Amino acid sequence: MNIIDNDLLSIQEARILVENAREAQKKLATFPQGKLDEIVEQMAAEMAKQAQELAVMSSDETDYGIWLDKYQKNRFVTEYLPTKLRGMTCVGIISHDEQNKTMDIGVPLGVIIGLCPATSPVSTTIYKALIAIKSGNAIIFSPHPRARKTIGKALDCMIRVAEGAGLPEGALAYLHTVTPSGTLELMNHPASTIIMNTGVPGMLKAANNSGKPVIYGGNGNGPAFIERTADIKQAVRDIIASKTFDNGVVSAAEHSVVVDRCIAAEVKREFKENGAYFMTAEESQQLSAHLFLANGCVDSEMVGKTASELAKCAGFSVPDHVRVLVSEQRYVSDDNPFTKEILCPVFAYYIEDDWMNACEKCIELLISEKNGHTLVIHSTDEAVISQFALKKPVGRVLVNTPASFGSMGATTNLFPAMTLGSGSAGAGITTDNVSPMNLIYIRKVGYGVRKSEDMTNSLFIEEPSPARDSQPSREYKIEDLQMLQQILKNVLQGI
């Protein structure tokens, strides 16, 4: 009897992939930006043709969300993202300051290991492949087990087109025998450089333990605050549209809503008119029992289900027009599952006396998931908006926009991204909407503008004239130049 050890096969495949990618990236690093752009354009154009088919396939394979909404995400990364990548210089001379005699050189990081979520498998995979190649990096994917076939098909298509356009073989690849052991080998291999983990929290600890830099697009728990000066009708429409998009699987979507007490009645009425169902305490308890596992995490089988499907599972029914379930809450605590990320059309609802109390509530909600992903405020009071932006432990603050769309750069001018850094609490190296510029390092070039002998010449420091004020005539303070002069003297004297 033949026994196949998939772990060993996966580990061996991972080693081969990384070693091949390292050699391919050495060739890729010699490509000028124009050639990289040509490859990216052809990849995006081909994937735009496949966007609908892959959306249907991913919805069928994962049983998450709505294929039409996944199609829109696929179009976003194959049509809109390329428009933002055009003209962006990532490698070679990316800036040249003639006046100050400095240059910045963009240098690819090397071999990227990409982990993608089952909730947005196609759009995230395409996006990562495009920004990696744009910045001259090789990238190897470990497909999510729940979306393995769909991710594999998308990558097969991109590899064929990219290599046909001149991409070195092995610079874009993926693990075919997917096991945790193989994924660990990808991350820990000495030739891999950086890990991009989007929405796979189970692999975050292992990624951090690899000793490599980690870009982490992690758990959401984004609160949305509706302040008393907000356009209530628009705010409610935005929140409903965002939270029901792809049945709520977007991490950046609103997971809780905090409302100013003086407008609470109007806000609740508007939510009900737009398809929100406010559950009773008993119904919230019923839903909680079916939605969450014993460890407090959402049951993966409940992710991306409709409001009516969730209610049915919990043992109660809702009218046909209901689009989102709302649980009224008062406190944030580790024991309250409604304060956690909920990847379906359900959100918690809090009422606070004023914006200052709402501010504290939002902070509690953000730190409850410890990643500080995204915060939304609906307001026309710039002073309040500024306070929220200044005080919150969060990666991005969105103003008067739906969280799902604003965070990814669809309804804002943030970079169009499917990986939203959530590193404000240390989970990852950036809070950016991750772009190709996060996948390079900058080599600094500085031309000499002062001679060492000038630095040791007392004439370099001009004494202030009695006829003028006491400020030095040069742009530097005398004390600074004296210190610099002494340092240079010491260096020249070998001290």
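The residues that line the largest pocket of this predicted model divide by class into 16 nonpolar, 17 polar and six charged. That lining comprises 39 residues in total, and those lying nearest the centre of the pocket are Gly 199, Pro 201, Asn 219, Glu 341 and Leu 343. The volume of the largest pocket is about 950 Å³.

Sorted by class, the lining of the second largest pocket has seven nonpolar, three polar and four charged residues.

Of its 495 residues, 55% are buried. Among the contacts in the protein with a separation of 6 or more, 72% are accounted for by residues 24 or more positions apart.

Two helix pairs show how the elements pack. In general, a pair of packed helices is described by the angle between the axes and the distance between them. Helix H2 (residues 33-62) packs with helix H4 (residues 121-134) at an angle of about 175°, their axes being 9 Å apart. Because angles over 145 degrees count as roughly antiparallel, H2 and H4 are therefore roughly antiparallel to each other. On the H2 side the contact is made by Gln 33, Leu 36, Asp 37, Ile 39, Val 40, Met 43, Ala 44, Met 47, Leu 54 and Ser 58, and these meet Pro 121, Val 122, Ile 126, Ala 129, Leu 130, Ile 133 and Lys 134 of H4. By class, the contact between H2 and H4 has 13 nonpolar, two polar and two charged residues.

In the second pair, helix H10 (residues 281-291) and helix H11 (residues 307-314), the axes come within 8 Å and cross at roughly 95°. Since angles of 65 to 115 degrees count as roughly perpendicular, H10 is roughly perpendicular to H11. Here H10 brings Gln 286, Leu 287, His 290 and Leu 291 to the contact, while H11 brings Leu 310, Cys 313 and Ala 314. The contact of H10 with H11 has five nonpolar and two polar residues, but no charged residues.

Finally, the backbone deserves attention at two loop positions. Lys 101, although it is not a glycine, has a positive phi of about 60°, and this residue lies in the loop between strand S1 (92-97) and strand S2 (102-108). With a relative accessible area of 36%, Lys 101 is partly exposed. Asn 400, another residue other than glycine, likewise has a positive phi, with a value near 55°, and its place is in the loop between strand S14 (396-399) and helix H14 (403-407). The relative accessible area of Asn 400 is 39%, and Asn 400 is therefore partly exposed.

Conventions: Residues are numbered from 1 along each chain as its sequence is written. This is a predicted model: local features need pLDDT of at least 70, side-chain atom pairs count only at pLDDT 80 or more; totals for chains, interfaces and linings use all residues. Side-chain values use heavy atoms; hydrogens and water are left out. Axes are lines fitted to C-alpha atoms, for helices over the stretch in contact, and angles run from 0 to 180 degrees between N-to-C directions. Helices (H or I, at least four residues) and strands (E, at least two) are DSSP runs, numbered from the N terminus. Angles under 35 degrees count as roughly parallel, over 145 as roughly antiparallel, 65 to 115 as roughly perpendicular and the rest as oblique. Contact means heavy atoms within 4.5 Å. Ala, Val, Leu, Ile, Met, Phe, Trp, Tyr, Cys and Pro count as nonpolar, Asp, Glu, Lys and Arg as charged, and the others, Gly among them, as polar. On a 1 Å grid over the protein atoms alone, a cavity is a set of points where a 1.4 Å probe fits but cannot get out, and a pocket is an open set with protein on both sides within 12 Å along at least five of seven lines; lining residues have an atom within 4 Å of a point. Grid points are joined across faces, edges and corners, and a volume is the space filled by probe spheres set on the points. Buried means under 20% relative accessible area, exposed over 50%, partly exposed in between (1.4 Å probe, protein chains only).
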